[in-house]
Amino acid sequence: ADTDAPQVKAIALYQALLSFHEGAAASTAFLHVDLERLAFGYRDAAGEEKAARYKAALRRFAAAAARHELSSLALHALAQVLYAEDALVDAHRTASEGRNRFPESPGGKLCGNLIGAIERKSLGADVERVWTAPFPKIEVYYRNLARVHFRVVRQDWTASLEQGRFQGRRYGGRVNPDELAAILAAPPVLAWSADVPPTTAFREHVEEI
């Protein structure tokens, strides 16, 4: 009811732009304004149904403009919403469709970037700080990997303690770059690798080794 509200004025501007380009409804200008209108509505709307309605509108747009490169941009917007909802398989499938339609378009390249983020490999590990028999297992958390590699490096505890390397991180903390470089350059006293179950749906998995 508030005709002076910024949102109402913005809607009127989008309506005017769409009317201006209405004679060429399949033109880049018309489609771009329409896509921007949908994005504006999603940002400013409220309510539980706004994401579902936005996704449905993007699907209609991508289907109607399938022969235009802006359909890839619409599919990227749809894949982003799915990614934010943690629907990674659907986001990957949607982004792949957008990339395949027009690989060299801005939307196609954005879809490629999102695919890279979904397929990115990650690895981390947690181990006990003090080991004694029965020896504990190493807890590995990973994503998009099938094999992990380990290297055990000998370190002089007394010398490191005297040099202050462990101050402030006796119970955890990060290794500084100089320490890390020294560790990586040192010959391992033990090295091995292990297969891990493949991750499904691009999600992180935890395995004990």
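## A tour from helix pair to surface patch

Start with H2 and H3, where Leu-31, Asp-34, Leu-35, Leu-38, Ala-39, Tyr-42 and Arg-43 of H2 meet Lys-50, Ala-51, Tyr-54, Ala-57, Leu-58 and Phe-61 of H3. Contact here means heavy atoms within 4.5 Å. Helices (H or I, at least four residues) and strands (E, at least two) are DSSP runs, numbered from the N terminus.

This is a predicted model: local features need pLDDT of at least 70, side-chain atom pairs count only at pLDDT 80 or more, and totals for chains, interfaces and linings use all residues. Residues are numbered from 1 along each chain as its sequence is written, and side-chain values use heavy atoms, with hydrogens and water left out.

Stay on the helix pair. The axes of H2 (residues 28-44) and H3 come within 10 Å and cross at roughly 170 degrees. Axes are lines fitted to C-alpha atoms, for helices over the stretch in contact, and angles run from 0 to 180 degrees between N-to-C directions. H2 and H3 are therefore roughly antiparallel (angles over 145 degrees count as such).

**Next, the salt bridges.** The count comes to 6. The rule is a side-chain nitrogen of Lys or Arg within 4 Å of a carboxyl oxygen of Asp or Glu.

Select Glu-85 and Lys-55. Their closest N and O atoms are 2.9 Å apart, in a salt bridge. Glu-85 lies in the loop between H4 (70-84) and H5 (88-101) and Lys-55 in H3 (residues 50-64), so the pair ties together parts 30 residues apart in sequence. Lys-55 is buried at 15% relative accessible area; Glu-85 is partly exposed at 37%. Buried means under 20%, exposed over 50%, and partly exposed in between (1.4 Å probe, protein chains only).

Move to Arg-203 and Asp-86. Their side chains form a salt bridge at 2.7 Å, N to O. Arg-203 sits in the loop between E4 and E5 (205-208), and Asp-86 in the loop between H4 and H5, 117 residues apart. Arg-203 is partly exposed, at 35%. Asp-86 is partly exposed too, at 41%.

Now pick Arg-101 and Glu-97, another salt bridge, at 2.9 Å from N to O. Both are in H5, 4 residues apart, or about one helical turn.

**Last stop: the surface.** Select Val-152, Val-189, Leu-190 and Trp-192. They form a nonpolar patch with about 330 Å² of accessible area together. Patch residues have over 30% relative accessible area and no salt bridge; nonpolar side chains (Val, Leu, Ile, Met, Phe, Trp, Tyr) are joined within 5 Å, like charges within 9 Å. Areas come from the Shrake-Rupley method with a 1.4 Å probe; for residues, only the protein chains shown count as cover. Val-189 is in the loop between H8 (177-185) and E4 (190-195).

Methods: Angles under 35 degrees count as roughly parallel, over 145 as roughly antiparallel, 65 to 115 as roughly perpendicular and the rest as oblique.
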